[in-house]
Amino acid sequence: MGIFFIYSIKVAFCLTAFYLLYKLLLCRETFFGFNRAVLLSMMGLSLLLPFIHVSTSSPSAAVGGFVVIEDAVVQAVASGPDRFVVSAAQVCFAVYIIGVAFFLLREVWSLVALRRLMASGHVVDAGGGVRTIVVDADVSPFSWFGNIIISRRDMADGSREIIAHERAHIAGRHSVDILLCDVLVVFQWFNPAAWLFKAELQNIHEYAADRAVLDGGVNAAEYQLLLIRKAVGDRLFSMANNLNQSSLKKRITMMMKRKSNPWNRARTLLALPVAAVAVVAFATPKAESLSNEIKTESDALVSRVVPAVAQTVKAAPAAAQSVPGESVAVRGGASDVTVPVQTAESPQAGPDDEVYDVVENQPQFPGGSEAMMKFLRNTIKYPEAAAKAGIKGRVIAQFIIAKDGTVTDPKIMRSVSPELDEEALRVIRAMPKWTPGTQNGKAVAVRYTIPITFSMDRPSAADIASRASASVKSKTNGEELMVITGNSASDKDMLVVINGKVATTDDLKALKVDEVKSMEIFKDAKNTVDKYGDAARNGVIQVTLRDK
């Protein structure tokens, strides 16, 4: 579903661009058959262009990397792979699906009403494969595939021009265009361009049918009076070609307009660069990354909502508790992976062979959480192919810690891309045996879930300073960057010193990590005030830059 949502967004951009091009260059021309073909071709191109993939150049992932361990608060997972937190993308996706369902039902209802109306009338003519159906309802004359529906009043009040007009619609197979537009509108209901494409096609249908009537020998003045007479008070069917469907003024103006220069058709060639720009725009790393993120969030919403009913049948687990924890950020060049480490508390009853979500004594990584941080930091690598393509997003991985501590059954609960998914699974498979969790004094199997966020955002030196924890060494390009701090809650009020000179926080934010040789954060007010004066009463961030 997420892929289709992204596809719909790309189609919307293409439709909008092509509609503006058509409106600017061709809508006033009198070659109706050509304009109809152009509109249908633009709609077809809009549906096809999102499938075309080209490669765009992007910077290679840097070889040197750096690792930062941060403080975090992690909530225990009790009943699912992740807390149900609805993002903006998921809200948009939900609204889109509701809209599709509504407009689909609307079109089905229109078809049913049309079918009932036709069934209520009687056929008065079936010559040439076209059925003329007279109905008692007060509706505007219209055609639908091989049927002409006309009210009894219109049939008695001179139907020659009306029948000729509707036969022109049937001969031109205009109902096929309307049906295609209606299907497009169902899935592009949010896009004004889709509705405008349908309106433009209906206008062209009316222009072409009017020309066919006049070419058949009907007096133009009398025919225009008929249009004026039929332009008020009639019930219309949106799925059909009605006699007065389009603007009356436009139709009369088009009847009297001089034929356009055939060379004006060449303007259509401008659609080619528009199509090329769309393909290249879709292929840029930022567009691909945004598409992957929206797809991930959309799929996550589906994966959460669909099994929701099944989950409610199970016994409600004990409430999860928020416990202090840590997260490790692993970065490769301009890339990073953030892994919030999940823990579990609150006992849950069940048979011995059950896989528990929460237990009395949670499983432990050998050596504790600090050892797990080190393992993740040294093991997770941002896939080079994903980094070059600018792919990022949040992978939800789940695994089971068996009774003997073995890590088993790793699987992806939320996917981003094959490369990122496989890296998450690889790291989980590489884990050593854990100390198993226990329930009622017995070792039991426990289910664990780890969200892994892959991001392309490279942190600044200020980010490292604000997120650093006590006595932690980080690395940049293989060299240690010493960070010493106690509590970073007031980092924004600390005095910034760069290469021995007092600087501003803006100066610190402007620094790139690769420019920093070392960084020290002092929170001991006594020592900092003695060295730098009263301005350092909240602490000092002391930075030493590399030699240029």
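A salt bridge here is a side-chain nitrogen of Lys or Arg within 4 Å of a carboxyl oxygen of Asp or Glu. The side chains of D357 and R447 form one, at 2.9 Å from N to O. D357 sits in the loop between β9 (355-356) and α13 (369-379), while R447 belongs to strand β13 (residues 442-455), so this pair ties together parts 90 residues apart in sequence. Helices (H or I, at least four residues) and strands (E, at least two) are DSSP runs, numbered from the N terminus.

Before going on, a word about the model. It is predicted, with local features needing pLDDT of at least 70 and side-chain atom pairs counting only at pLDDT 80 or more, whereas totals for chains, interfaces and linings use all residues. Residues are numbered from 1 along each chain as its sequence is written, and side-chain values use heavy atoms, with hydrogens and water left out.

Let us step back to the whole chain. The protein chain has 18 helices and 19 strands. Of its 548 residues, 45% are buried, where buried means under 20% relative accessible area, exposed means over 50%, and partly exposed lies in between (1.4 Å probe, protein chains only). Contact means heavy atoms within 4.5 Å. Among contacts between residues at least 6 apart in sequence, 74% join residues at least 24 apart.

In the pair we began with, D357 counts as buried at 18% relative accessibility, and R447 is partly exposed at 27%.

Another of these bridges joins the side chains of D136 and R152, again with 2.9 Å from N to O. This pair links distant parts of the chain, with D136 in the loop between β3 (131-135) and β4 (142-144) and R152 in helix α4 (residues 152-156), 16 residues apart. D136 is exposed, because its relative accessible area is 61%; R152, at 42%, is partly exposed.

The bridge between E423 and R426 has an N to O distance of 2.7 Å. Where do E423 and R426 lie? Both are in helix α15 (residues 418-429), three residues apart, or about one turn of the helix. E423 is buried, with a relative accessible area of 9%, whereas R426 is partly exposed at 34%. Other buried residues of α15 include L420, A424, L425 and I428. The 12 residues of α15 reach 16 Å from first C-alpha to last, close to the 16 Å expected at 1.5 Å a residue; the expected span is 1.5 Å times one less than the number of residues.

Strand β11 (residues 407-414) contains M413, which is partly exposed with a relative accessible area of 33%. M413 and V395 are 18 residues apart in sequence, and their C-alpha atoms are 7.6 Å apart in space.

Finally, look at a pair of helices. Helix α5 (residues 160-171) packs against helix α7 (residues 192-215) at an angle of about 125°, with the axes 8 Å apart. Axes are lines fitted to C-alpha atoms, for helices over the stretch in contact, and angles run from 0 to 180 degrees between N-to-C directions. The angle makes α5 oblique to α7, as angles under 35 degrees count as roughly parallel, over 145 as roughly antiparallel, 65 to 115 as roughly perpendicular and the rest as oblique.
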